[in-house]
Amino acid sequence: MGLRDDLERYREVGEERREDLAEFIQYGDLGQSLPDEIHIPIKIVDLPEFRYDQRDRGGVGQGDPDVGDPVGQPQPQPGDDGEEGDPGDESGDHDYYEMDPEEFAQELDDELGLELEPKGKEVVEETEGDFTDVTKTGPDSTLDFERMFKEGLKRKLAMDFDPNYVREAMGVEGWGPDEVFEWAREKSLTVSKRWVEENYDALSADERTKWESIEEMENRVTPMSTAQKIREEGIRHVPFRREDERYRYPEIIEEREKNVVVVNIRDVSGSMREKKRELVERTFTPLDWYLTGKYDNAEFVYIAHDAEAWRVERSEFFGIRSGGGTKISSAYELAAAILEEEFPWGDWNRYVFAAGDSENSRNDTEENVVPMMEKIPANLHAYVETQPEGKAINATHAEEVERHFAEANDVAVSYVNGPEDVTKAIYEILSTEAE
């Protein structure tokens with residue numbers, strides 16, 4: 001296989017991986033994966049690489065060809081006799097591609113042609129960020145001295161003036177402190193009347209008649225700028241004021257996190273044999289992975305029931321089996337209590353998924369389950385019927401639920417009679433939620 005063929009093969013990997021994903025959901029070993037680490041078996045693909053042509057035995061001008069040998073044709077290799085080999089009896093090579101639930105959700109969206117976005121509630125959590133906000137009060141340890149220094153420095157620059165320049169104005173003949181002060185104000189020099197008076201009193205008689213006019217003084221004397229004074233003399237004093245004090249405190253950041261709780265309900269009565277249990281696991285597990293990938297925080301509740309319901313761990317949810325009867329409403333009563341206590345509808349997105357063989361005690365679906373489903377607020381309710389060996393006469397729960405909620409856009413009913421129905425069931429459930 002040449003480099004061009006290798007590159008083309010490499011480009012097909014993404015499409016084949018999605019095919020592997022669909023096959024894995026239907027027939028794969030789900031036990032190879034963890035809740036946050038999904039192992040999808042893929043066919044091993046040789047990545048493109050440069051190779052020397054092993055049939056080329058020499059370079060230009062090398063070798064001892066016989067007269068009549070074709071030029072540029074490869075020499076026959078061992079086994080190149082034109083005969084086809086025996087068909088192989090070994091299975092194809094596989095490796096595992098590891099993906100997290102977020103990537104799994106994206107791949108499943110691509111495979112099923114969905115573009116689902118998380119809906120419903122957002123939990124707002126306040127956390128402390130960097131010390132970027134300020135207040136006028138606070139502990140001394142959080143005083144923003146740098147800011148206070150800058151405010152004082154800006155004030156100094158705004159109020160600073162060249163005192164020698166003002167003293168020169170005091171030497172204008174006929175001027176007293178009042179005239180000097182008015183002149184300084186016109187020049188926007190922030191000098192006080194008291195300072196002018198004190199410095200004027202310190203001048204001698206000769207110094208008070210140095211200039212014939214203010215115009216002469218201004219033409220002969222150039223004031224020193226504040227920047228020049230700082231360069232030559234530095235900063236000896238920065239006027240701080242209490243109003244400049246600011247205390248740093250951390251910015252309060254609101255982090256919006258989309259939360260979801262998934263309630264998985266399973267019939268564990270005596271009629272739920274191994275094939276039925278496997279179909280439940282094959283349907284529910286990818287749904288769990290999918291919602292884990294879609295939401296920032298996903299919590300799961302597992303409820304098993306026969307004639308009564310009880311909460312179980314995930315590790316026992318898919319394998320547990322009892323010999324009791326069936327009363328599906330007991331699971332919904334327990335789910336309602338758990339959701340109300342632990343996952344309030346105001347803060348959590350909710351999904352309630354139930355599965356079984358549709359066998360239920362008489363009138364329980366119509367009188368109890370349907371009202372409970374209407375009572376429990378959720379993004380989506382779903383029921384998955386698993387009947388791999390033919391439907392029993394009294395297996396009517398799924399049909400009753402489907403008939404009652406025919407017009408509802410938040411209830412999905414799917415029928416899984418074999419592994420080949422799993423992907424379709426997942427699509428039906430997720431597409432209902434998308435609507």
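Helices (H or I, at least four residues) and strands (E, at least two) are DSSP runs, numbered from the N terminus. The model is predicted, so local features need pLDDT of at least 70 and side-chain atom pairs count only at pLDDT 80 or more, while totals for chains, interfaces and linings use all residues. Residues are numbered from 1 along each chain as its sequence is written, and side-chain values use heavy atoms, with hydrogens and water left out.

The protein contains 15 helices and 11 strands. Of its 435 residues, 38% are buried. Buried means under 20% relative accessible area, exposed means over 50%, and partly exposed lies in between (1.4 Å probe, protein chains only). Contact means heavy atoms within 4.5 Å. Among contacts between residues at least 6 apart in sequence, 81% join residues at least 24 apart.

Helix H12 covers residues 329-342, 14 residues in total. From first C-alpha to last, H12 reaches 20 Å. This is close to the 20 Å expected at 1.5 Å a residue. The expected span is 1.5 Å times one less than the number of residues. Several H12 residues are buried, including Tyr332, Ala335, Ile338 and Leu339. An α-helix has 3.6 residues a turn, so residues three or four places apart point the same way.

A nonpolar core is a set of buried Ala, Val, Leu, Ile, Met, Phe, Trp, Tyr and Cys residues joined through side-chain atoms within 4.5 Å. The largest such core has 43 residues. Phe104, Phe284, Phe353 and Leu430 touch the most other members. Helix H10 (residues 274-294) gives the most to this core, with seven residues. A second, separate core of 27 residues includes Ala335, Ala398, Val401 and Val411. Residues up to four places away in sequence aside, Phe104 touches Leu21, Ile25, Ile38, Met99, Pro286, Trp289 and Tyr290.

Strands E7 (residues 297-305) and E8 (residues 309-312) pair in the antiparallel sense over four bridges. Two strands pair if DSSP finds at least two bridges between them. E7 and E8 form a hairpin, with three residues between them. Tyr302 stands opposite Val312 in E8.

The loop between strand E9 (349-356) and helix H13 (364-375) holds Ser358. Asn363 also lies in the loop between E9 and H13. Phi of Ser358 is near 75°, a positive value in a residue other than glycine. Phi of Asn363 is near 65°, again positive in a residue other than glycine. Ser358 counts as buried, because its relative accessibility is 1%. Asn363 counts as partly exposed, at 40% relative accessibility.
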